[in-house]
Amino acid sequence: MRYASLLVYLDQTIYREGLVDVAMQLSSDFDAHLTALYAYIPSLYDYRFAGFETINGLERLLRKEEEQAQENSVTFREKFESQAERFGSLKTGWCFLNGERELAQVLALHARYADVVIMGQHDPNNAPPVGGCDTPAQVALMSGRPVLVVPHAGSFNVIGSHVVIAWNATREAVRAVTAALPLLIRAESVDIVVVGEGKRMTSSYGDGPGSDISLYLARHGVKSTVLRISRGGLYVSEALQSVMVDQGADLLCMGAYGHSRLRELVLGGVTHDIMRHMTLPTLIAC
């Protein structure tokens with residue numbers, strides 16, 4: 001079992017070599033084709049309240065922005081192809097899109113033809129991204145494809161050697177596990193982490209929480225360990241982060257939007273928190 005087609009999204013303004021390294025390493029490991037997608041999306045919302053006196057003023061600004069995006073596309077493609085040479089005989093492709101729809105819609109359309117989409121976490125030190133900070137989770141939700149989100153800080157030379165699965169017996173968690181199977185089969189260790197409190201854990205996940213998915217994985221040749229932990233007053237995301245550090249994990253696998261997306265955006269939730277505070281690459285699925 002392997003990945004055959006990967007898609008990496010390159011940010012509109014910054015070429016992130018670390019993100020591309022992760023995508024290329026994954027492509028090399030699975031002998032998969034890797035397509036780099038660079039998309040220009042007019043940031044009309046940002047200009048809506050900018051106080052332009054004429055439509056012509058707005059048009060000139062958007063035209064300048066588009067020209068800059070086209071120049072970036074040429075520069076980024078050269079960097080991408082040069083970086084690919086270091087990995088030997090990678091199978092790569094380049095796609096430049098000039099679109100008018102929302103970024104998540106554009107990415108979701110192309111994501112449907114890839115086994116995994118690789119995207120970067122938003123760096124809070126930079127301007128807000130065109131599609132918003134939760135674009136990776138939106139893409140997973142809209143495309144039905146898993147998204148591997150790479151933190152904006154840190155170096156990740158190895159991904160998938162020690163995997164933590166955030167398990168809560170939901171449809172989203174199942175989709176994340178099955179999407180991660182090619183990685184899990186190759187992993188040195190896999191920990192299935194169930195976060196809960198006493199009887200709630202059994203009522204939510206069944207008898208022996210985590211044991212059923214562990215058996216499922218065993219039938220695929222994946223050896224795993226089930227860790228049942230109490231939140232201890234922490235948020236679920238904080239408890240997961242703590243376990244990942246303790247276990248020396250290099251990848252988190254989890255379902256996204258176990259609650260409605262609106263509820264997560266308004267009230268917060270595990271997906272919302274992980275997308276903002278992740279320290280390790282995270283494979284999400286809906």
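**Helix 1 and its surroundings**

Helix 1 buries Leu19, Val20, Val22, Ala23, Met24, Leu26, Ser27 and Phe30. Helix 1 has 14 residues. From first C-alpha to last, helix 1 reaches 20 Å, close to the 20 Å expected at 1.5 Å a residue.

The largest nonpolar core has 91 residues. Helix 1 gives the largest share of this core, seven residues. Val8, Phe80, Ile118, Ile165, Leu184 and Ile284 have the most contacts inside the core. In soluble globular proteins, nonpolar side chains tend to be buried together. Take valine 8 as an example.

Now turn to the charged residues. Five salt bridges are found in the whole structure. Glu17, Asp21 and Arg86 are linked in a network of them. Glutamate 17 pairs with arginine 86, with the closest N and O atoms 3.1 Å apart. Glutamate 17 lies in helix 1 and arginine 86 in the loop between helix 3 (55-85) and strand 3 (91-98), so the pair ties together parts that are 69 residues apart in sequence. Arginine 86 also forms a salt bridge with aspartate 21, with a closest N to O distance of 3.8 Å. This second pair again links distant parts of the chain, 65 residues apart, with aspartate 21 in helix 1.

How accessible are these partners? Arginine 86 counts as exposed, at 53% relative accessibility. Glutamate 17 is partly exposed at 41%, and aspartate 21 is partly exposed at 27%.

Another salt bridge joins glutamate 172 and arginine 171, at 3.4 Å from N to O. Here glutamate 172 counts as buried, at 12% relative accessibility, whereas arginine 171 is exposed at 56%.

The loops deserve a look too. Most residues other than glycine have a negative phi. Aspartate 31, which follows helix 1, has a positive phi near 50 degrees. Aspartate 31 sits in the loop between helix 1 (17-30) and strand 2 (33-40). Its relative accessibility is 45%, so aspartate 31 counts as partly exposed. Alanine 169 has a positive phi as well, near 60 degrees. Alanine 169 is in the loop between strand 6 (162-166) and helix 6 (171-179). At 39% relative accessibility, alanine 169 is partly exposed.

Glycine 210 is in the loop between helix 8 (198-205) and helix 9 (211-218). Is this glycine buried or exposed? Glycine 210 is buried, with a relative accessible area of 4%. Beyond residues up to four places away in sequence, glycine 210 touches Trp167, Ile192, Val194 and Val226.

Step back to the whole chain. The protein chain holds twelve helices and ten strands. Buried residues make up 48% of its 286 residues. Of the contacts with a separation of 6 or more, 80% join residues 24 or more positions apart. The accessible surface comes to about 14300 Å², and 49% of that belongs to carbon and sulfur atoms.

Finally, confidence. The average pLDDT is 87, and 84% of the residues score at least 70. Over residues 262-268 the pLDDT is below 50. This stretch has nine contacts in the model beyond near neighbours in sequence. Where pLDDT is low, the predicted coordinates should not be read in detail.

Terms used:
Residues numbered from 1 in each chain as written. Heavy atoms only, no water. Helix = DSSP H or I, 4+ residues; strand = E, 2+ residues; numbered from the N terminus. Buried < 20%, exposed > 50% of the residue type's maximum accessible area, 1.4 Å probe, protein only. Contact = heavy atoms within 4.5 Å. Core = buried A, V, L, I, M, F, W, Y, C linked by side-chain atoms within 4.5 Å. Expected span 1.5 Å × (residues − 1). Areas by Shrake-Rupley, 256 points an atom, 1.4 Å probe, with all protein chains shown as cover. pLDDT = per-residue confidence, 0-100. Salt bridge = Lys/Arg side-chain N within 4 Å of Asp/Glu carboxyl O.
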